[in-house]
Amino acid sequence: MTFRPQHVGLYFTHEHITAARRDRDRDPLRAAYLMLNDREQSGMEVALWGAFRYRFNEDERAGEIAAEALMRAIDVQPSDDLTYLDTVAQTIMFVQAFEMLRDHRALTYAEQVRFLNTLQMRVTELSQSPYKDTQVENLWMALLVMATGVAVEHEDTFKLGVEVYERTIRDEVSPRGFIPKAVQGNDGGSLYRQILSSAALVLMAELAHNAGVDLWNFSVRGVSVVTTALYPIYYFYTPEKWQWDKGLTADETQMLFRRYGGYLEMLNRHTRHRDLKPVLEDLRPIYNPQGGGLTTLSHGLPVKRGLFG
């Protein structure tokens, strides 16, 4: 496949938008549209939320507000209160909003150039940070590098992230699905790290897919992104069976998925795996600002109708 960024939404294309509009009266799209239209966001999420309204509702005013918010946000230096991982994830969120707003009249050519220049400087600074030393941080940084490669249409930059993705699948994912470097530690954070690692890999695969590069089907000895992305869902209802950290409760486990589970809609769209159904029914509509946004809207598949409707 050929590297060919589409500049629609980083993780989705015009086809996703058309499908969402077509099925807007069917769940889970109906619930996602209700959330989009009835809820407001604040702070750094304003740009992303308005960008979704622009793309999926053709709301020009929302796009204008989002573009203004994005340009204000990108000029603000990351807060010292943010962790390295939070800063990387927030920057990815900005790139997604930018890609969604790229054709809006309010985002002038000069502002686009300023955004891209600022983005590249920030990525350079983050890549030199001494804190990028864990499995999760490295994967999310690789996702940011890939997103930057798409935004600036620089294939060599994009490929740097692809190399991390392929190396992770090849060398770091167990045939069972867990990532040893993520779950080790016995510190109470193993499931959190497995979920975030899985999320990063799915987001990388979907981003690449929409830029013309197939990573969903990259596998080594039967191990792929699907192997590791499905692994954590089996502990959604049975956290007591998670072997690395004892004492996890269902509330704790399900909170992690509610906060970081946006990738599950992408996974479901590509696999239609039956075991995802009950988890998604409990989580939808899913909004994960740093992990794809309102992914039930962009990637949710309509529930099949029964015999009589």
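Are Tyr231 and Tyr235 buried or exposed? Both are buried (under 20% relative accessible area; exposed is over 50%, partly exposed in between; 1.4 Å probe, protein chains only). The model is predicted: local features need pLDDT of at least 70, side-chain atom pairs count only at pLDDT 80 or more, and totals for chains, interfaces and linings use all residues. Residues are numbered from 1 along each chain as its sequence is written, and side-chain values use heavy atoms, without hydrogens and water.

**View 1. Phe3 and Phe158 form an aromatic pair.** The whole structure holds 16 aromatic pairs (centres of Phe, Tyr or six-membered Trp rings within 6.5 Å; planes under 30 degrees apart are stacked, over 60 edge-to-face, the rest tilted). Here the centres lie 4.7 Å apart and the planes meet at 35°, so the pair is tilted. Phe3 sits in the segment before helix 1 (14-22) and Phe158 in helix 8 (residues 155-171), so the contact ties together parts 155 residues apart in sequence (helices are DSSP runs of H or I, at least four residues, numbered from the N terminus). Phe3 and Phe158 are buried.

**View 2. Tyr231 and Tyr235 form a tilted pair.** Their centres are 5.6 Å apart, with 50° between the planes. Tyr231 and Tyr235 belong to one aromatic cluster with Phe178, Trp242 and Trp244.

**View 3. Arg24 lies over the face of Tyr33.** The distance to the ring centre is 3.8 Å (a charge sits over a ring if Lys NZ or Arg CZ is within 6 Å of the ring centre and within 35 degrees of the ring normal).

Key. Helix = DSSP H or I, 4+ residues; strand = E, 2+ residues; numbered from the N terminus.
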